[in-house]
Amino acid sequence: NLPCRLPTAGNARVSRADWAEYCCPRLAVPPERIDPSGIAQERKGMTVAQKKTHVLLDPQDPPPVEVVNAASDHPLLLVCEHAGKAIPRALKDLGIAEKDRESHVCWDIGAEAVTRMISEALGAPAVLQPYSRLVIDCNRPPDAADAIPDVNHGVQVPGNRALTGSARAARVAEIFDPFQATVAHCLEQHP
């Protein structure tokens, strides 16, 4: 059994600077880069205008993925796709009421806490995704109709109606892909 070897020890976060390097060049990028999906590398040849068309996350938004106990050699990998209820600032709360953002409509209440407790108790690694399933459900194929729902549990989600291809692609590239790539990387390193 091998640990999930990410470039930092212990708990590792894919930093905003790493994901924002291609959309916010003013940020300093730490030397211990984590780029599991290769998005930053792909985007190096793009013009500034092309890069800005895919900006979703800004420096105040949480990173798209967190790995807990990354250096663990425990044989179990915990994965929590619905750990959080974060909504990128650019999406302005998706147009839904605060009571709905705090409810099961937006996230799996307690999933993050339970995953962290199990991870700590077992010393097992865990991959957490902090964004609301209403932004993009990382437990669905990104092209599935319910991956970015315009109605969930009877609640209308105005911010998900009539999305352009580039708006959908930004959610996939900046949230879904980094999460899935991190899970895949940990599974490769931690069979």
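Tutor: Buried means under 20% relative accessible area, exposed over 50%, and partly exposed in between, with a 1.4 Å probe and protein chains only. This is a predicted model, in which local features need pLDDT of at least 70 and side-chain atom pairs count only at pLDDT 80 or more, while totals for chains, interfaces and linings use all residues. Residues are numbered from 1 along each chain as its sequence is written, and side-chain values use heavy atoms, with hydrogens and water left out.

Student: Which residues of α6 are buried?
Tutor: Helix α6 covers residues 165–189, where helices (H or I, at least four residues) and strands (E, at least two) are DSSP runs numbered from the N terminus. An α-helix has 3.6 residues a turn, so residues three or four places apart point the same way. In α6 the buried positions are Ala-170, Arg-171, Val-172, Glu-174, Ile-175, Phe-176, Pro-178, Phe-179, Ala-181, Thr-182, Val-183 and Cys-186.

Student: Where in α6 does the kink lie?
Tutor: The 25 residues of α6 reach 34 Å from the first C-alpha to the last, close to the 36 Å expected at 1.5 Å a residue, the expected span being 1.5 Å times one less than the number of residues. The bend, taken as the angle between axes fitted to the seven residues ending at a position and the seven starting there, is about 40 degrees shortly before the proline Pro-178, at Phe-176.

Student: In what order do the elements of the protein run?
Tutor: The protein has six helices and six strands. Read from the N terminus on, they follow the order β-α-α-α-β-β-α-α-β-β-β-α.

Student: Is Ala-162, with its positive phi, buried or exposed?
Tutor: Ala-162 sits in the loop between β6 (155–156) and α6, and its phi is near 50 degrees, a positive value in a residue other than glycine. Because its relative accessibility is 79%, Ala-162 counts as exposed.

Student: What relative accessibility does Asp-93 have?
Tutor: Asp-93 also has a positive phi, near 60 degrees, in a residue other than glycine, and it belongs to the loop between β3 (78–80) and α4 (98–101). Asp-93 counts as partly exposed, because its relative accessibility is 35%.

Student: What share of the contacts with a separation of 6 or more comes from residues 24 or more positions apart?
Tutor: A contact here means heavy atoms within 4.5 Å. Of the contacts in the protein with a separation of 6 or more, residues 24 or more positions apart account for 74%.
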